[in-house]
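User: I have a structure open here and would like to go through it. Can we start with how one chain is divided up?

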There are 2 protein chains.
Amino acid sequence: MSSWVVGVDIGGTNVVVGLIPTAGGHPVSIRNRATASLGSQDEVVGHVGRMIEEVIEQGVANGGGSRADVVGIGIGTPGPLDLDRGVVLDAFNLGWRDFPLRDRLAEATGLATSLDNDANCATWGEYWLGAGRGARTLVGVTLGTGIGGGVILDGRLVHGASASAGEVGHMTIDFTGRRCKCGNYGCLEAYASGPNIAARAREGVEAGAESILLELAGGELERITAVTVYEALLQGDTYALEVMTETAKILGAGVANLVNVLNPDVVVIVGGVTRAGEHLFAPLRSEVRRRAFRTAERVCRIVPGDLPETAGVIGAAGLFLSHQR
Amino acid sequence: MSSWVVGVDIGGTNVVVGLIPTAGGHPVSIRNRATASLGSQDEVVGHVGRMIEEVIEQGVANGGGSRADVVGIGIGTPGPLDLDRGVVLDAFNLGWRDFPLRDRLAEATGLATSLDNDANCATWGEYWLGAGRGARTLVGVTLGTGIGGGVILDGRLVHGASASAGEVGHMTIDFTGRRCKCGNYGCLEAYASGPNIAARAREGVEAGAESILLELAGGELERITAVTVYEALLQGDTYALEVMTETAKILGAGVANLVNVLNPDVVVIVGGVTRAGEHLFAPLRSEVRRRAFRTAERVCRIVPGDLPETAGVIGAAGLFLSHQR
């Protein structure tokens, strides 16, 4: 008999809710909504609760089951979190503070609910059903508005002493480097997050780099984004290629750090930037080869995620299931 | 009834062999020897084997037991290693290649033997009997001729996919920084290992820094070592303090990376440099506070090791015991 689990992925831009077969598989039904439209902390539970009921209704109907076949809900959300209490302590991008999201959603739906960090969920999704299947030591790196990550050792997610393990975006890779929005200097995120790729590209254009970037952005410097860089790259723009190569090298230094410290068999890179394919991965792997221990580097596969858009939802659902075992 | 385990710590400078009570405790007998005096790979087993018999004889006699009460031998040695086969693959500082040290020592002594990385052993020693007792997530950082480390999660040493996890000294913390002897640029080790602390101090003196360093080194620039920096510091030398503070900040960036990625409850710093005490630890902790996630940093104790000189021997012995469980 089939059963299902709900995955909820709350990101800075979108909320995605999906119904996932407990045996593993792509969502059988899915809902999207802009995070900004969730409203205040009090309204969030109502909105997300409705999305959950919708994916259950649609997915279960298609699957020929009933609501009783839904075993629970896994939520992924930005942190920091108090995992024991299921509370979002301070998600400043969302304006949430001390928000007992797990128990509020459990009450609203009557379903058992678990909560974890969004980047941990994406990492777990790739481990469970994506590019990291079968890994023993896996590191996930999520590239987006920020850079996050997750660490899995022998089938267990590493949470650390206060549930904030995996914050790979704030590794210092350049001691006196670019200012990061976290307040420090030289964090990986200060170079290789989406907004910072765009910022570096804009700086070059402003300094007179020859490029179609400005044209693609309708002549408005501020409209150059990481996606513009990717589009220019596809059209053969040399400067965009240079920005992407530099991004790859910097990411390579960050990944090399993780390879040296954890000696993983797989590093999965997740996020829109991975669409740049070998333009990103070839120089990234070459930088890791240069910077990491040879014994560690040569056993490590560095691969893009297999589950664009859904790694977070699938992983949130999978982590719920892993807690039940 | 008492029983004992032998710990063998093979470092770049010294070999230390000690007899440790299996219940935990300081060595009841100990031998030291210059690593350089071990001779060729073939002679090593004879020399170390004799040191083992000596510590057993002396220690067991004092303890009122017999040789039959010695349960085995744990060895710590520089890597890379093949843990399954107990082979030192390539310890270039020692001139060893494909050296089946574990089985050769087991044959020579008739005792069960285990092998692990030297920095892992020092970390395990501090975890078992030193400053890291009771930690759930512990990172050890060993400062010496090189910088190594070890990671312990929930009572288990993390080895990674090819037994080279914990190489924290080759984290990039300055993307375009100082050349490291590993061939790359900006590794933590390129700034904060003993020889590199000395090199930075010499560079400053050469550039005209006012300091007693040159005087302490008998007027010979090349004789300034990390110990000279420490001695000058004790005598109130402002420039030596500056070198130590810079060392601490750079180490702080490295430790902050580990805190962000692993969220440990304890980071133990091991090695001679820790004698600088608060001159090292105050600016180091302050840099971690600046660079690491607040939720991770505030639950993390950053402490010097408790077992100067013996962490490696005790840890090698302890790791042997942990394999038997």
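Analyst: This is a predicted model. In chain A, the domain assignment gives domain 1, made of 4–126 + 310–324, and domain 2, which covers 135–304.

User: How far apart do the C-alpha centres of domain 1 and domain 2 of chain A lie?

Analyst: The distance between those two centres is 27 Å.

User: And how many residues of each domain of chain A are in contact with the other?

Analyst: Domain 1 of chain A contributes 13 residues and domain 2 of chain A contributes 15 residues.

User: Which helix gives the most on the domain 1 side?

Analyst: That is α3 of chain A, residues 118–129, with seven residues. By class, the domain 1 side that touches domain 2 in chain A has seven nonpolar, four polar and two charged residues.

User: New topic: the two chains. How many residues does each give to the contact?

Analyst: Chain A gives 39 residues, and chain B gives 39 residues.

User: Which elements of chain A give two or more residues to that side?

Analyst: They are α8 (238–262), α9 (278–291) and α10 (294–297) of chain A. The largest share is from α8(A), at eight residues.

User: What classes do the residues on that side of chain A fall into?

Analyst: On the side of chain A that touches chain B, 20 are nonpolar, 13 are polar and six are charged.

User: What rotation superposes chain A on chain B?

Analyst: A rotation of 180°, with 0.0 Å of shift along its axis and an RMSD of 0.0 Å. The two copies are therefore related as by a two-fold rotation axis. The same surface serves both copies, as 100% of the contact residues of chain A recur in chain B.

Technical notes. Residues are numbered from 1 along each chain as its sequence is written. Chains are lettered from A and ligands numbered from 1 in the order in which they are written. This is a predicted model: local features need pLDDT of at least 70, side-chain atom pairs count only at pLDDT 80 or more; totals for chains, interfaces and linings use all residues. Two residues are in contact if their C-beta atoms, placed from the backbone, lie within 7 Å. Helices (H or I, at least four residues) and strands (E, at least two) are DSSP runs, numbered from the N terminus. Ala, Val, Leu, Ile, Met, Phe, Trp, Tyr, Cys and Pro count as nonpolar, Asp, Glu, Lys and Arg as charged, and the others, Gly among them, as polar. Copies are superposed by least squares on the C-alpha atoms of residues with pLDDT of at least 70 in both. Domain bounds come from an automatic or database domain assignment.
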